[in-house]
Amino acid sequence: MAPERLRILLVEDDEGDAFLVRELLAEAGASFDLQIATTLREARAMMRGVQCVLLDLGLPDAEGIDGLRKLLGVAGGAAVCVLTGRSDEHLGVQAVAEGAQDYLVKGQVDGVLLVRALRYAVERKRADENAQRLREVELRQAESARLERGLLPQPLMQTTEVAVHTFYRSGRAMGLLGGDFFDVVQVGDDKLHVIVGDVCGHSVDEAALGVELRVAWRALVLAGVPEEQVLASLEQVLMTERRAREVFATVAMVSVDLAGSRATVRLAGHPPPVLLSGGSAVPVTARTGIVLGVRPTPTPATDVEFSGDDWSLLMYTDGLIEGHTGVGNERLDVEGLCGLLGEPAAKGVPLAALPAWLVGRAEQANGGPLADDVAMLLISRGGGR
């Protein structure tokens, strides 16, 4: 490839030296456009589109390192090389430390060396800027990751009668937080409120809305709002905060009465929880209401009785069950999820590791990573199975 044509600005008040620089560039056969400024003030007005600046340290309006600092302040993305008659090693080191790409002494460079120095300076400047941009991106990513980790909930519970195991993975590239959300709040000594939800979409907007809904739900529960009114209030938050009218959310909300060994399940367009008990895994038979955000409608409630003191309730988002099973276009779905939980291998997996194990098996059947966000809550009592 032909060398890039350089746009060079020479800041030099000596006409003879300016003539020599032009001759050196021409002698080397360099492809260049050369502009000449005799003062720093004049140079400021000529910086647009310049790739490299050759600066003399003895100008009428700028002298020495102070002049270099002033030029670097307006150089932008242009590389700056000092071209001076002062053969001073200490000054050269100081100039490079201040930000100059090179320090060249008049009379000690020929055309080939000058052109090479200019091209190297331009490439070093570009590399420095790319490294800086990369560093800024890395810092933003680290900051975003810290923020997202901070937005993931910590179950608010004191009871030791049940254990809660969680799993969360965003389907968004390089993201820790997606549109799925979950939360656990204990009220009183024996009442546990649980929610798992899914905001449609995968962008940061949906992730932010999911956090807003989770925080609003926790506030409603802690404020003592009656259970039958919580989802209606949550829907009001959704419809107020969403960025577009077509955005909706599915929700599964469960209120567990630990003393009575029963639960109330409310499903707003969400897949049913799976109950593990007596060595089997079956979906909870519950009435399903419409999704939140389409047409405000009361979400029906279904009462569930737990038999014995060894059971688990698995709540999840549809990202877990929408993967393919390797047979045509069939999806894993709720039936396939129950099948995974019924496998002999599943029975040997500790409850705390069961959600991650399920994701691994779903991805194995899918032939690759699941495309959607996945959130899971596993509430276990006793042996959990």
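The largest cavity holds about 50 Å³ of space. A cavity here is a set of points on a 1 Å grid over the protein atoms alone where a 1.4 Å probe fits but cannot get out; its volume is the space filled by probe spheres set on points joined across faces, edges and corners. The model is predicted, with local features needing pLDDT of at least 70 and side-chain atom pairs counting only at pLDDT 80 or more, while totals for chains, interfaces and linings use all residues. Residues are numbered from 1 along each chain as its sequence is written, and side-chain values use heavy atoms, without hydrogens and water.

Largest cavity
- Its lining (residues with an atom within 4 Å of a point) has 10 residues, and Pro153, Leu177, Asp180, Phe181 and Arg214 are the closest to the centre.
- The most comes from β9, with 3 residues.
- By class the lining has 8 nonpolar, no polar and 2 charged residues (nonpolar: Ala, Val, Leu, Ile, Met, Phe, Trp, Tyr, Cys and Pro; charged: Asp, Glu, Lys and Arg; polar: the others, Gly among them).

Second largest cavity
- About 30 Å³ of space lies in the second largest cavity.
- Its lining includes Leu40, Leu55, Asp56, Glu63 and Gly67.
- At least two lining residues come from each of β5 (62-63) and α3 (64-75), and α3 gives the most, with 3.

Definitions and conventions: 1 Å grid on protein atoms, 1.4 Å probe; cavity = no way out; pocket = protein on both sides within 12 Å on 5 of 7 lines; lining within 4 Å. Helix = DSSP H or I, 4+ residues; strand = E, 2+ residues; numbered from the N terminus.
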